Amino acid sequence: MITLLENKPYKPYTERKNLLEFKSLMKENFEHYISRSIRSFYQHRIVSPIIYLVILAVIAFFYPVNDMMHPVVADENEDIASLYDKNGRYIEITLSNLYFTGYTKRWLDTTVGYYYYTIMEDDCIIVLLNPDDSQQGLPVIDQITIRGKILYNSHAMNKLLLYLSEDLAWSQDGIASTISPYMISQPDITDFATVIFLSVYVISGLYAFISMVCYGIYIAFPVLSSPVRRLRCYGKPREILAQAEEELATLPQLATEDMFITEHYFIETSRFGVAIVPISEMIWIYKYSTLHKFLWHHFSISYTLNITANKHLYIHCPKNIKSDIDGIMDYLAEANHDILVGFSEENRLAVQEKQGTPLQIEKFLEMLKKRI
């Protein structure tokens, strides 16, 4: 619903008194309204990164993510069973004199590792090495430093002992008594899936943490938020915000549920974001419709107002009703006669000639043309 507010030159005393009371109420309701809307917007957005960081913390509690990223530095003279018992499942260790067993580990016709054996603290230890680090099964490796996971009585280990016992004509119990039940597997910490998991975990966690900190700063200091900072191309953001706040608190020229027009600014304060655009800087406005449906049922049609301003400022105000957007567009066109109204190839080319078109906007416009 559009509300149009007009100032008349003269009113009787009682009407002027009521008008003053109305203006006072408007100023009270819209005092620092933009800043409050920015705070509210980021208070809702900050919930998602907080929840995501909690989920990452729960994953880290049940899954040794930190140990995988920072394995325990071990020595080949240490007892591997002691390392395993002390939760040193992931280790970085330098091993000497490794001998190829002649067996490999395969998955989907791909060799993922080569089995070697070496001596650690008088124990014969099986070590599974990556193909590249073992040079595709080098017979003897004098020394190598690896990151690996300590496994105990693994299925692969038992299968390897079975094959070795058959080759040596030993019983499986006999060969098991000479080889430690613990083994070191390099692919278990360096395989593709593990690397992808750790990369996604770290990068997404860092992004969520930075987002949470930024949103917290925006909540505390709205003048530092993105909707205000992007106004620096038109002047000092702090001063523009103060002027827009004052004009909106004094008396907006036009108001819908979440869009306002003051003497010099268009202001949006919806759940999709907050925007402040100087009317004098606008060069193109248009709308497009979106049909909302589920399966074959059509529910409603919503309209999006798109505003292009100088210095490559692009504002999208989605999910509005047609009458509100039409009223806003008519008022803006009257306030600034240089604004191009409506989506057309002629207008698009005129805007592109005036300020150039970034790649992402070109892609958006191509998508928009297909939708239309």
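Which residues do ring pairs link into a cluster? They are F41, Y42, Y215 and Y218.

Some notes on the source come before the details. This is a predicted model, in which local features need pLDDT of at least 70 and side-chain atom pairs count only at pLDDT 80 or more, while totals for chains, interfaces and linings use all residues. Residues are numbered from 1 along each chain as its sequence is written, and side-chain values use heavy atoms, with hydrogens and water left out.

A search of the whole structure gives 17 aromatic pairs. Rings of Phe, Tyr and Trp (its six-membered ring) pair if their centres lie within 6.5 Å; planes under 30 degrees apart count as stacked, over 60 as edge-to-face and the rest as tilted.

Consider Y63 and F197. Their ring centres are 5.6 Å apart and their planes stand at 85°, so this pair is edge-to-face. Because Y63 lies in the loop between α3 (47-62) and α4 (65-69) and F197 in helix α9 (residues 192-220), the pair ties together parts that are 134 residues apart in sequence. Helices (H or I, at least four residues) and strands (E, at least two) are DSSP runs, numbered from the N terminus. Y63 is partly exposed at 38% relative accessibility, and F197 is partly exposed at 29%. Buried means under 20% relative accessible area, exposed over 50%, and partly exposed in between (1.4 Å probe, protein chains only).

I turn next to F100 and Y114. This aromatic pair is tilted, with 5.8 Å centre to centre and 55° between the planes. F100 belongs to strand β3 (residues 90-107) and Y114 to strand β4 (residues 110-120), so the pair joins parts 14 residues apart in sequence. F100 is partly exposed at 26%, whereas Y114 is buried at 10%.
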